Amino acid sequence: MSACPREPLLAIGCEDGVVRLFRYDSNTLGSNTNSLGSLEYSRSLPTSGSRILCVSYHPVDKRLFAGCSDGTVRCMEEETGRVLFRMLGDVLRGSVSTLIWSLIVLPDSTVVTGDS
């Protein structure tokens, strides 16, 4: 799960290869009331074809990155989900794909991953 730095939106990577986006009510965050706020489904981005294990928004550009169980990191347009490019993790001959368990994107577009 990753929170968008530009708007009250959460991206959640799912087992079926889809990133689902949810809007939340940012007015109630940090308030001292007993209100829980709201969380509402917004939309789904096209499937990646592989389990999504982690997601991270780019802190500046309107891009979303997804780490997948097939060893790839996909960079998608935030609005449409169109894959702009993908990167392949370590590939060992004859072994199971590398699992991308965590990732973070830095402001200069450096992608840092933690994998299996």
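Colleague: How many helices and strands?
Modeller: Zero helices and 10 strands. Helices (H or I, at least four residues) and strands (E, at least two) are DSSP runs, numbered from the N terminus. This is a predicted model: local features need pLDDT of at least 70, side-chain atom pairs count only at pLDDT 80 or more, and totals for chains, interfaces and linings use all residues. Residues are numbered from 1 along each chain as its sequence is written, and side-chain values use heavy atoms, with hydrogens and water left out.

Colleague: What share of the residues is buried?
Modeller: 35% of the 116 residues. Buried means under 20% relative accessible area, exposed over 50%, partly exposed in between (1.4 Å probe, protein chains only).

Colleague: Switching to rings. How many aromatic pairs?
Modeller: Two in the whole structure. Rings of Phe, Tyr and Trp (its six-membered ring) pair if their centres lie within 6.5 Å; planes under 30 degrees apart count as stacked, over 60 as edge-to-face, the rest as tilted. F22 and Y41 have ring centres 5.7 Å apart and planes at 75°, so they are edge-to-face.

Colleague: Where do F22 and Y41 sit?
Modeller: F22 is in strand β3 (residues 19–24) and Y41 in strand β4 (residues 39–44), 19 residues apart. Y41 is partly exposed, at 44% relative accessibility.

Colleague: And which is the other pair?
Modeller: F65 and F85, with centres 6.3 Å apart and planes at 70°, so edge-to-face.

Colleague: F65: buried or exposed?
Modeller: F65 is buried, at 2% relative accessibility. F85 is partly exposed, at 35%.
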